[in-house]
Amino acid sequence: IEETIELIEKALDGVFVKDWRTQLWNYFSKKLEEVVFRLIAVIFIFISTILAADEQTDIQNTISNQLEAFASDDFTEAFTHASPGIKDIFGSVDNFSRMVKKGYPMVWRYNSFQFLKLEETPQGYSQIVRITDKKDELFLLKYFMKNISGQWKISGVAIIEASEFSA
C-alpha cells in the first residue's frame, strides 16, 4: 500500500508541476503579449507624431518660402508654391502677381508673420498665419494646403476676421 501511495504522489506531483509550469507560461505569455501590444501602440503614436510634425514643418516651409519670394518680388518663385488649381485659375505669373498685389498686399509687403493653428481638413490642411503689414496692421490668414505628389502646395488663402478665430 505504501508503494502505491508513493506512486500516486509522484504521479500527482508530476501533474501539479506540469500544470503549474503551463499556468506560469500562459501567464507570462499573456503579459508579454500585452507589453508587446503597448510597445507597438507607443511606437505607432511616436511615428505618427513625427510624421505630423514633418508635415507641419513642410507646410510652414512652403508658406514661408512663398512669403519670402513675395518680399523679394520674385513672383515666379512664389508661383511655384501654388497648387495646380491656383495656377490654372491665374494662368500666368503676371496675373498671379497682380492678384496678390491688389488682393493681398499684406502678404506682398509684410513686416512679420507667425504660424498659429494647423488643422487637418478632408482636403488637406489649413494653416492660420498672423501677418503684420508695413503699416503695423494685423491680419489673420487661413492658408489651404494640398499635398501634390509629396509636395505641399497652397491651394487658397482667405483673410479671416479676428472675431471668427479662436486659438
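Residues are numbered from 1 along each chain as its sequence is written. Because the model is predicted, local features need pLDDT of at least 70 and side-chain atom pairs count only at pLDDT 80 or more, while totals for chains, interfaces and linings use all residues, and side-chain values use heavy atoms, with hydrogens and water left out.

**Confidence**

The protein has a mean pLDDT of 83, where pLDDT is the predictor's confidence in each residue, from 0 to 100. Of its residues, 74% reach 70 or more. Among the elements, the lowest mean pLDDT, 72, belongs to α1, and the highest, 97, to α2. Helices (H or I, at least four residues) and strands (E, at least two) are DSSP runs, numbered from the N terminus.

**The sheet**

An open sheet is formed by four strands in the order β1-β2-β3-β4, with antiparallel pairing. Two strands pair if DSSP finds at least two bridges between them. The edges are taken by β1 (110–121) and β4 (151–160); each has a single partner strand, so one side of each has no neighbour in the sheet. On average, neighbouring strands are turned by 25 degrees against each other, direction ignored; the axes are lines fitted to C-alpha atoms, for helices over the stretch in contact, and angles run from 0 to 180 degrees between N-to-C directions. The antiparallel strands β1 and β2 are joined by nine bridges. Phe115 has Val129 of β2 as its bridge partner.

**Helix α4**

Helix α4 spans residues 93–103, and Phe96, Ser97 and Val100 are buried in it. Seen down the helix axis, the buried residues of α4 fall within an arc of 100 degrees, so they line one face. That arc is taken from the directions from the helix axis to the C-beta atoms. An α-helix has 3.6 residues a turn, so residues three or four places apart point the same way. On the face of α4 turned away from the buried side are the exposed residues Asp94 and Lys102. Buried means under 20% relative accessible area, exposed over 50%, and partly exposed in between (1.4 Å probe, protein chains only).

Asp73 is not a glycine, yet its phi is positive. Asp136, also a residue other than glycine, has a positive phi.
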